[in-house]
Structures are given as C-alpha cells and as structure tokens.
Amino acid sequence: MNLLEIEHLKKYYATHKAVDDISFSIPKGSIFGLLGPNGAGKTTLLRMITGIFYPDSGNITFDGKPFNPGTDIRYIGYMPEERGLYKKMKVGEQVLYLAQLKGLSKKEAQEKVGYWFEKLQITSWHNKKVEELSKGMQQKVQFISTIMHHPKLLILDEPFSGLDPINSQLIQDEIFEMARNGTTIIFSTHRMEQVEEICDHIVLVNKGHKILDGSVKQIKQDFKQHLFRVGLDQQPNPAQMATHHFTIIKQQEKGYTVKLNEYSKTNDILSHFIHHDIQVNSFEEILPTINEVFISQVKLTEAN
Amino acid sequence: MNKIWIIIKREYLTRVRKKSFVITTILVPFLFLGMILLPVLMMQSDDNEKVAVVDDSKFFTGKMADDGGVHYKFVNAKIDTLKNNYADFGYTGVLHIPAMDINRPGNFNYYSKGQMNVMMKSNMERKLKNVIEDLRMEEAGIDKAKLENIRTQVDIVNLTGKDEKKGSAGLALAVGYGSGFLIYMILLIFGMGVMRGVMEEKTNRVAEVMISSVKPFQLMMGKIVGIAGVGLTQFLIWIVLIVGLNLLLPLFIDPASLQSASAQGGAMGGGQSSAAMVEMMEKINFVKDNVSWSMVIFCFLFYFLGGYLFYAALFAAVGSLVNEDPNDAQSLVFPVTLPVIISIFMMFAAVRKPNGLIAIWGSMIPFTSPVVMMARIPYGVPGTVPYWQLILSMLLLIGGIVGTTWVAAKIYRTGILLYGKKITLKEVGKWLVRKN
C-alpha cells in the first residue's frame with residue numbers, strides 16, 4: 001500500500017515552471033530518495049507535500065485519502081534544508097514547543113523529550129541555549145524535533161549536512177529503525193553515496209520534470225553498460241585476446257575491463273579465457289553508481 | 001486556535017522573562033519620579049548660599065530679603081578687595097551694585113567661583129528690579145498701595161455642555177498631548193518589536209520549520225498578540241508602580257514644594273519631557289476634577305490596542321521581506337513609519353484646535369486616528385468630539401485592522417519563505433493582486 005501518491009502535480013511561478021506534471025507514489029515504510037540538481041523543483045515539491053504551498057493542479061493522496069494540510073500536517077515531520085531553531089531558547093523548551101505545535105499534549109511531549117534526549121545522548125543539553133551549541137549539535141536537536149510526534153511520513157532535506165561521521169551514523173541508524181517500524185521516509189540529498197546506502201527507491205527530477213523513477217537496484221540494472229572486470233593470473237599476449245564476444249575498454253595490471261558485445265552472454269567471456277587456458281582469479285560485473293546515472297541523466301535533459 | 005495560543009504563550013513568555021524587560025519595566029517609573037523630583041531637589045540644594053552685597057548706590061541697602069536659602073549681607077567694603085577675598089569671609093559670591101542714576105541703572109556684577117545657577121540669577125534680578133521700580137514709583141508720585149488695588153486677576157471658568165461641566169483647557173491640552181505622544185511611542189516601539197521578531201525567525205531559518213507545523217497566519221497573529229500582551233503587562237506594572245510611588249511620595253517630600261516645583265517646571269519648559277511631567281502631575285492632582293477620566297482611559301486602551309494591531313501586521317509584513325541585510329529593513333520600513341510620523345504632526349495641530357479640519361480628518365483615517373483622536377478626546381466627549389465621530393473613527397479603525405492584517409498576511413506568507421534575493425516593493429504589489 002502506498003502512503004503517498006502524487007498525480008500530475010503542477011506549480012508554476014511567474015517566470016518558470018517549478019514543478020511541471022510530476023507523478024510518483026511511495027510505498028508505506030520505504031525510504032524514498034528525491035534527487036535532483038539545484039533548482040530542479042525539489043523544495044517546491046516538498047513544500048506542496050507538507051502543505052506549505054498549494055499545487056496549481058494535480059492530486060496528492062495521503063494514507064489513502066486526499067491530502068488535507070489542516071489535519072494531515074501532524075502526521076508529517078519535515079526537516080527543511082533552510083532550517084533553524086530559536087537561538088535564545090533553551091534546547092528542552094524548544095523541542096517541547098515544536099512538539100506541542102504538532103499537536104502533542106504537554107505531558108506527552110515531555111515524555112518524548114526525555115526518551116529521545118536519552119536515546120541520542122543529549123540529556124545534559126536540556127537547559128542550554130540553542131546558540132551555545134555547535135552546528136552539529138543543533139542538527140541533532142533539529143532532528144529530534146522533527147521526529148518527536150512520531151510522524152507517518154518523515155521528510156528529510158539534507159539531514160546529514162554538518163554532522164560528523166559518528167553522529168551521521170547515529171542518525172542513519174535512527175532512520176532505518178523508524179522505517180522498520182513503519183515510518184515512510186522521503187530523503188532529499190545531493191550526496192549520492194548516501195542514497196545508495198539508504199534508499200530503496202528513488203525519483204530523479206530536473207527542471208520541474210521527473211526523469212527517472214524506480215528502485216535503486218532496478219535503476220542500476222537499467223543503466224548498466226555491460227562492463228565486467230576480469231582479474232587474471234598473468235597478462236596474456238594480445239593475439240589471445242581477439243574475440244567477437246567482448247571489447248577491451250581498459251587494460252589493467254593483471255586484468256582487463258571489458259564490455260560485452262551485443263548477442264553475447266556473460267559466460268562467453270569466461271569461456272574465452274578458459275579456452276585459451278588463461279587463469280581467471282576474479283570476475284565481476286561493474287554496475288553504474290547512482291552518481292553516474294544522476295550525472296548522465298541530468299546532462300541528457302540539460303541538452304534537450 | 002490551540003496552536004495560536006501556544007505561539008502567543010511563547011512569544012509572551014520569552015519577552016517577559018528577558019532581563020531587559022524586567023529592568024525597563026521597573027526602572028521607567030523611577031526615572032519618571034526622578035524627573036518630577038529633580039526640580040525640587042535642585043531648589044533644596046541651594047541651601048546656605050551667603051552673598052555679600054556691596055551697594056555703592058545706597059538705594060538697595062536693607063531691601064534684599066533672604067529667600068530660597070540665599071542670605072544677603074550688605075557689607076561696607078571696597079569691591080576691588082572683596083572680590084578677591086570674599087571666600088575667606090565665608091561668602092559664596094559678591095554682588096556689586098555700582099553708584100547709579102535710578103532712571104539709568106548700569107550693570108550689576110556678581111563675582112563667584114563658578115557659574116551662578118539660573119534660579120538664583122532670576123531671583124536676584126527680580127529683587128533688584130522690584131527695588132528700582134518702587135523707587136521710580138515714589139519719584140513719579142504713584143501710591144504703591146493704590147496701584148496694587150487697581151491691579152486685578154481675571155479667571156474664566158469654562159462650563160461645557162448642558163450639565164455645565166467645569167473643564168480646564170490647559171489640562172485637556174496636557175492630557176491630549178501626553179496620551180497622543182504615548183500612543184505614538186507605543187506604535188513605533190512595539191511595532192518594531194514585531195518586525196524584529198519576524199526578522200529573527202526568517203534569518204534564523206526557523207520560519208520554514210514553523211510553517212510546516214502551523215499556518216503562516218497563525219504564526220504572524222500569535223506573535224502580534226503575544227507582543228500586545230507584553231505591552232499591556234508593562235503598562236499595567238507602570239501604572240501600579242507610578243500610582244504606588246505617588247502615594248508614598250508625600251511621606252518623603254513636602255507636597256507644597258512639589259506643587260511649586262512642578263508649576264515652575266511647566267513654566268520653564270515647553271519641552272516634551274516637562275510637558276509630560278506636568279501632565280502627570282496634573283493627572284494626579286486633578287483626579288477628582290471633571291474631565292471624564294473613564295472615557296479617556298477607555299479610549300486610550302481602545303486606541304492603544306487598535307493602533308497597535310493596525311500597524312503591527314504591517315510591521316510583520318515588512319519583517320518578512322527582509323533578508324540577511326539589516327539595511328534592507330530601513331528602506332522597507334519607511335512606508336510604514338511615515339504615516340506614524342505624519343500623525344504626530346497632525347496631533348500638534350489637533351491639540352491646539354481640536355475641532356479643526358486636520359483634527360477631524362486625522363481622527364477618522366485609521367492610519368492617523370489612534371494618535372490624533374487621543375489628542376482630542378480629553379477636550380470632552382460629546383462636547384468637542386461628537387459621539388458619531390468617535391464611533392465612526394472606532395469602526396474605521398476596526399475595519400482598517402482587518403484590512404492591514406489581510407494585506408500583511410498575504411505578504412508575510414510569501415516573504416517569510418523567500419530567501420536570498422532582495423525583494424522590491426513592485427514584486428510585493430504583485431503578490432497582493434495574485435490569487436491563492
């Protein structure tokens with residue numbers, strides 16, 4: 001079942017089309033990556049999903065019903081890219097305040113503050129002013145205030161910026177745990193290695209259009225170049241390498257990167273080496289990274 | 001609704017808990033009291049000035065009475081020597097009256113270590129003048145007692161309306177001036193407070209976090225109402241403290257000297273501070289007077305809140321347009337502060353001529369009515385300000401509040417989420433005509 005379905009969403013500004021007919025759906029409990037270069041329309045899209053902007057046309061379905069910002073907003077946690085806290089407020093009060101605005105009672109909110117502060121090891125900051133904290137610490141407080149009300153949909157825009165590796169890992173574990181417990185997560189970032197690590201499913205947008213949609217595994221398969229890395233015992237003499245099954249892309253020390261030719265199968269490569277009695281030490285397929293897919297696809301749409 | 005209440009609470013509590021709030025709230029009444037007491041203390045500090053008088057004309061000998069702690073002692077000495085060693089005899093200074101023709105008095109000289117104070121100088125001059133005038137009258141054969149008899153004092157008692165209320169034009173002017181000025185200050189100070197609050201939210205980037213939980217309108221109104229609460233709290237404390245201090249005042253200082261001090265302060269001044277001081281004094285001394293205080297206080301509260309709400313929304317809108325650069329704020333806020341400043345000039349006209357054209361129009365238009373109407377009301381309702389004018393002015397102000405809040409909400413909603421680029425007034429105009 002899908003937690004969020006977006007159909008033909010449009011938002012036009014006077015000078016440009018920020019979001020131009022985008023549709024996708026997000027299954028419940030999945031971690032969904034929303035990718036795109038700067039100015040692609042990601043923020044506008046997220047602002048429509050969080051009820052900050054009204055779409056010009058199109059439908060948003062949230063948890064099986066048409067999205068109603070007035071009531072559904074409390075089931076959404078949004079950590080925008082442009083984020084901040086009240087500098088002069090104490091950390092505890094701040095989180096309590098934001099939780100109450102999400103509809104938690106004061107008592108509930110206090111319990112949750114205790115729980116999360118303990119879990120993320122920041123209990124000692126409770127009475128510190130936000131301005132006394134480092135940027136990374138503020139980020140942690142911000143994260144807690146976003147998830148305090150246990151949202152059904154958690155939207156994180158660049159959640160790891162400014163965090164050290166240890167705290168990054170802490171937050172990442174938290175995200176996985178929430179997803180396991182049924183929270184759906186939209187994750188927007190430029191850091192592609194994180195996307196591969198975290199997301200099940202991605203959508204790539206550029207210039208207001210959706211240009212890619214699918215699971216991370218599927219996309220890697222769809223965009224693979226049929227490249228293989230072959231590790232050999234010794235370097236064969238060039239005459240032994242002539243074949244119609246593959247072409248050599250790159251020669252390495254004790255091995256090759258080869259591209260499988262059309263109508264040939266993976267095992268044809270192996271058979272070739274076996275036939276020539278060359279020892280194969282390793283053999284693996286090279287899949288494109290999401291980063292490579294991102295760059296090639298964005299360039300493709302830029303050219304159009 | 002519940003969310004607005006949570007926002008109001010935060011806005012109110014964070015401000016009220018600030019040290020600067022506590023300090024100004026407690027300090028201002030004491031400063032006020034100080035301003036009232038200063039003239040009294042000034043006069044009391046003149047104690048024990050001993051002035052030697054060298055009267056070469058012999059006209060003045062024995063005719064300078066001591067007063068205000070200044071003692072005059074006529075001495076038979078050469079001025080040339082005394083002016084150098086008067087301090088050795090315990091004098092503060094030497095007054096030298098040269099030999100003179102009574103019809104052509106020359107310069108009087110006063111030798112002292114430092115500058116003589118204004119009060120003492122004017123006292124001394126008055127005494128010398130009186131002596132000369134008496135002598136001249138004698139010379140002209142005018143009987144002084146007869147002249148005193150001829151001199152007369154005229155007092156007009158102004159009875160207004162059917163029930164012939166006794167009024168005081170001076171008091172009305174002072175109260176009108178004072179309350180108009182107070183509202184002007186409130187509009188600017190608390191309006192700017194709202195603007196700074198919005199700017200803080202925008203530059204701290206907390207705005208978008210907030211907007212994902214509450215509607216922009218709720219955030220804006222919560223802030224406006226919260227700050228209004230801060231203002232009301234402050235005024236309440238001030239009133240309690242000022243009234244309390246005034247009740248305690250007679251225990252420390254002779255009330256008679258306080259009255260004369262305030263009268264003198266009023267006569268000397270004309271400056272704003274002394275006018276406000278006189279107003280305050282009169283307010284206290286004339287509470288039992290016939291100005292309808294309940295009406296003045298009711299209207300003051302109405303125009304205080306109304307004027308604040310009218311302008312606060314506009315200040316919030318301006319705050320939402322400002323990016324990192326605080327200089328932007330100055331140019332953007334000008335269109336909002338301009339009518340406030342215009343209204344203070346209209347008020348100057350209105351206190352002098354409460355039924356003039358400027359006064360009537362100024363007290364109708366919501367941009368200026370909070371300040372201008374408050375300047376007219378102490379002259380009497382319905383005597384000077386007919387009921388229809390007051391009611392119309394109030395209705396227009398309420399309509400104006402709805403209008404500015406609507407306009408401001410539209411600007412605020414877009415402005416608060418717009419980062420990076422400088423926003424021109426032309427663009428803001430476009431937001432206003434645009435539909436949702």
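A residue counts as buried if 20 or more other C-beta atoms lie within 10 Å of its own, as exposed if 12 or fewer do, and as partly exposed in between, with C-beta atoms placed from the backbone. By that rule, buried residues make up 31% of the 436 residues in chain B.

This is a predicted model, in which local features need pLDDT of at least 70 and side-chain atom pairs count only at pLDDT 80 or more, while totals for chains, interfaces and linings use all residues. Residues are numbered from 1 along each chain as its sequence is written, and chains are lettered from A and ligands numbered from 1 in the order in which they are written.

**Exercise 1. Work out the strand order of the six-stranded open sheet in chain A, and find its edges.**

Start with the terms. Strands (E, at least two residues) and helices (H or I, at least four) are DSSP runs, numbered from the N terminus. Two strands pair if DSSP finds at least two bridges between them.

Next, trace the order: S6-S7-S8-S3-S9-S10 of chain A, with mixed pairing. Strands S6 (76-79) and S10 (209-215) of chain A are the edges; each has a single partner strand, so one side of each is left without a neighbour in the sheet. From one strand to the next, the twist averages 15°; angles run from 0 to 180 degrees between N-to-C directions, and axes are lines fitted to C-alpha atoms, for helices over the stretch in contact.

**Exercise 2. Follow S6(A) and S7(A) through their pairing, and describe what covers S6(A).**

First, the pairing. S6(A) and S7(A) are joined in the parallel sense over four bridges, and A:Gly77 stands opposite A:Leu154 in S7(A). S7 (residues 153-157) of chain A also pairs with S8 (residues 184-188) of chain A, in the parallel sense over five bridges. There, A:Leu156 has A:Phe187 in S8(A) as its bridge partner.

Then look at the faces of S6(A). Both are covered: A:Ile76 and A:Tyr78 on one side, and A:Gly77 and A:Met79 on the other, are all buried. Helix H5 (residues 135-147) of chain A lies across S6 and S7 of chain A, at about 160° to S6(A).

**Exercise 3. Describe how H15 and H16 of chain B pack.**

Begin with the geometry. Helix H15 (residues 387-415) and helix H16 (residues 425-433) of chain B pack at about 115°, with their axes 9 Å apart. That makes H15(B) roughly perpendicular to H16(B), where angles under 35 degrees count as roughly parallel, over 145 as roughly antiparallel, 65 to 115 as roughly perpendicular and the rest as oblique.

Now for the residues. Two residues are in contact if their C-beta atoms, placed from the backbone, lie within 7 Å. H15(B) contributes B:Val407, B:Lys410, B:Ile411 and B:Thr414, and H16(B) contributes B:Val428, B:Trp431 and B:Leu432.

**Exercise 4. Is B:Ala172 buried or exposed?**

Locate the residue first: B:Ala172 is in helix H6 (residues 169-203) of chain B. Then count: B:Ala172 has 22 other C-beta atoms within 10 Å, so B:Ala172 is buried.

**Exercise 5. Which elements of chain B give two or more residues to the side that touches chain A?**

Count the contacts to begin: 15 residues of chain B are in contact with 19 residues of chain A. The elements in question are helix H1 (2-16) and helix H7 (207-211) of chain B. H1(B) supplies the largest share of that side, four residues.
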